[in-house]
Amino acid sequence: MMLDIQNLYVSYQGIKALRGVSLQVDRGEMVAIIGSNGAGKSTLLNAISRLVPAGEGRIVFNGVDLRRSIAHKVARLGVLQVPEGRQILGEMTVLENLQVGQLALGGRPAKYSLSDVYALFPVLEERHAQLGGTLSGGQQQMLAIGRAMMGAPEVLLLDEPSLGLSPLMTDQVFAALGRLNADGLTVMLVEQNAHRALELTSRAYVLDRGLVVREGKSRDLADDPSIIASYLGV
Amino acid sequence: MLAQQILNGVVSGSIYALFALGFTLLFGVQKLLNLAHGAVFMAGAFIAYYCVIIGLPFWVGLVFAMIASGVISIIVELVAFRQIRKQVDPEFPAIVSSLGVDLILINIAQNLSNTRVLSMPFGTFPIEFYNIFGLRISLLQIVILVLVAALVGALVYYLQKTSFGRQVRAVAQNERAAALLGVSAASVYRQTFFIAGALAGVAGVLIGLSFNSIHFLMGEPYLLYAFVVVVIGGIGSVPGAVVAAILLGVTQALTKAYLSSTLSDAIIFSLLFVALLFFPNGLFGRAVLSAGGDRK
Ligand SMILES: Nc1ncnc2c1ncn2[C@@H]1O[C@H](COP(=O)(O)OP(=O)(O)OP(=O)(O)O)[C@@H](O)[C@H]1O
Ligand SMILES: [Mg+2]
């Protein structure tokens, strides 16, 4: 097991955002976390990345207890988050953003070269000298993923990559994620766009008000009437 | 005469630039005012003075002052900012804590010097003058211009072209995102404080030598000038700080020569108010440690 989360609690000034979440991700898997607004999806990723302090519970990555680490060191272990809203360094060029991404290597060997990133997202090569802040939303999402690739991810944590993207752009981003996973990359995909997320992943967890309320094969969940009613719209 | 005054103004302005660059760099990265920056400047002058007094060559004193001021600046970060930065609203506490460190350093210097004004021994730096296009320029002035140009050039190179520089800019722009990318903000703060302190220390030595006067309160007016430079040049902008510092130096030289030497500061700050009416964000806008120029 690559990532093992047991009975995790997180609260913000007394408000419980996670109330005993357990989940596991195996090497090479692509797992979806779905749930509505405020379910605690970003909180879960941020607890793993050590951006928010965890209460009770365990977060273990390849045998290392992440709760004893700090944010930049978690990244250097290869646990790389592509955050909600992409968080591009807007005053730096596309290339510089990718170069900053290399810091997460921290001595580990690279997994993807700059040309691998450019091959996956050709638009980044065209725009390499453009400031990150002037890219479109979809291009920024590609840059955020490419930037994480430069840091040799062991597991990629994505927080709503489809947010604000056109269906066409979402297709492109999801296709790229599918290709990365097919090449062996472990992916944890947080999405409100449950339909697309269940299509792309093999396993999924449903988060509701800080609890895992369902888990199983993505295909099964996509066919489940109660999931359809709650998360898949019409 | 006018050209001569402008030349003198450019020389003193270039020293202001060294001092203000560190100040604006620190503010750009941590978004907190470092009110102890003037004391680090003063410490640089003191350290060089004592090096020369114990018989070391001036150049050795200058290099030693530069490194030691950088180290003092790292200590300032540790004492005045490291813990306070974690608070939700660190701005006001940081003003108080950095002011506290400022006073401690000033007090140490006051005791060391017995509240006297110190001056470098005669002959510390050769007094030689040259005539270039009818302008009189001293060897010290030439050295100052060359040294400042080299240091500013090195700073720009460091910020723009090195991995360390990219980390500094990443933290300045988005500390959270930088952490997710493996950037250690603590190490970025340590480095920027060292660099800012080292530049301030050199500025202190050069001012102490130029005016042949080194005293425990010498840093405080320069802190005010740094505010002017940062406001006019745009917060966090390197080219803005250099241009604004030189403008300040020239304005000061001209007001002293042609208007009134005692009212010089009053005139400069009045001009600042007028400038702010027309350029509320400074001449270079709000460039948050953006690239060498303003590319936005
Ligand atoms: N910094 C914070 N301070 C206080 N409460 C917070 C903070 N961040 C999140 N919360 C609360 O924690 C709960 C979970 O939020 P979280 O952002 O993890 O949800 P989410 O599933 O990512 O939602 P969304 O789909 O809207 O992004 C919410 O009730 C939210 O209001
Ligand atoms: Mg969220």
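The following dialogue explains how to read several features of this predicted model.

User: Which residues coordinate the magnesium ion (ligand 2)?

Analyst: Donors are N, O and S atoms within 2.8 Å of the metal (3.2 Å for Na, K and Ca), and sites may look incomplete because water is not among the atoms. Here Ser42(A), through OG, and Glu84(A), through OE, coordinate the ion at 1.9 to 2.5 Å. Ser42(A) belongs to helix 1 (residues 41-48) of chain A, and Glu84(A) to the loop between strand 6 (79-82) and helix 3 (94-101) of chain A, 42 residues apart. Helices (H or I, at least four residues) and strands (E, at least two) are DSSP runs, numbered from the N terminus.

User: Why is the pair of Phe19(B) and Phe41(B) called edge-to-face?

Analyst: Rings of Phe, Tyr and Trp (its six-membered ring) pair if their centres lie within 6.5 Å; planes under 30 degrees apart count as stacked, over 60 as edge-to-face and the rest as tilted. The planes of Phe19(B) and Phe41(B) stand at 75°, with ring centres 5.1 Å apart, so the pair is edge-to-face. Both residues are buried, that is, under 20% relative accessible area, where exposed is over 50% and partly exposed in between (1.4 Å probe, protein chains only). Phe19(B) and Phe41(B) also belong to one aromatic cluster with Tyr16(B), Tyr222(B) and Tyr225(B).

User: How many residues does each chain bring to the contact, and how much area is buried?

Analyst: The size of an interface is often given as the accessible area lost when the parts come together. That loss, with a 1.4 Å probe, is summed over both parts. Chain B and chain A bury about 2,100 Å² between them, 61% of it on carbon and sulfur atoms. Contact (heavy atoms within 4.5 Å) takes 20 residues from chain B and 24 residues from chain A.

User: Which residues form the salt bridge?

Analyst: A salt bridge is a side-chain nitrogen of Lys or Arg within 4 Å of a carboxyl oxygen of Asp or Glu. Across this interface the rule finds one. Glu96(A) pairs with Arg169(B), the closest N and O atoms being 2.9 Å apart. Glu96(A) is also among the buried residues of helix 3 of chain A, a helix with six of its eight residues buried.

Conventions:
Residues numbered from 1 in each chain as written. Chains lettered and ligands numbered in written order. Predicted model: local features only at pLDDT ≥ 70, side-chain atom pairs only at ≥ 80, totals over all residues. Heavy atoms only, no water. Buried area = accessible area lost by both parts, 1.4 Å probe.
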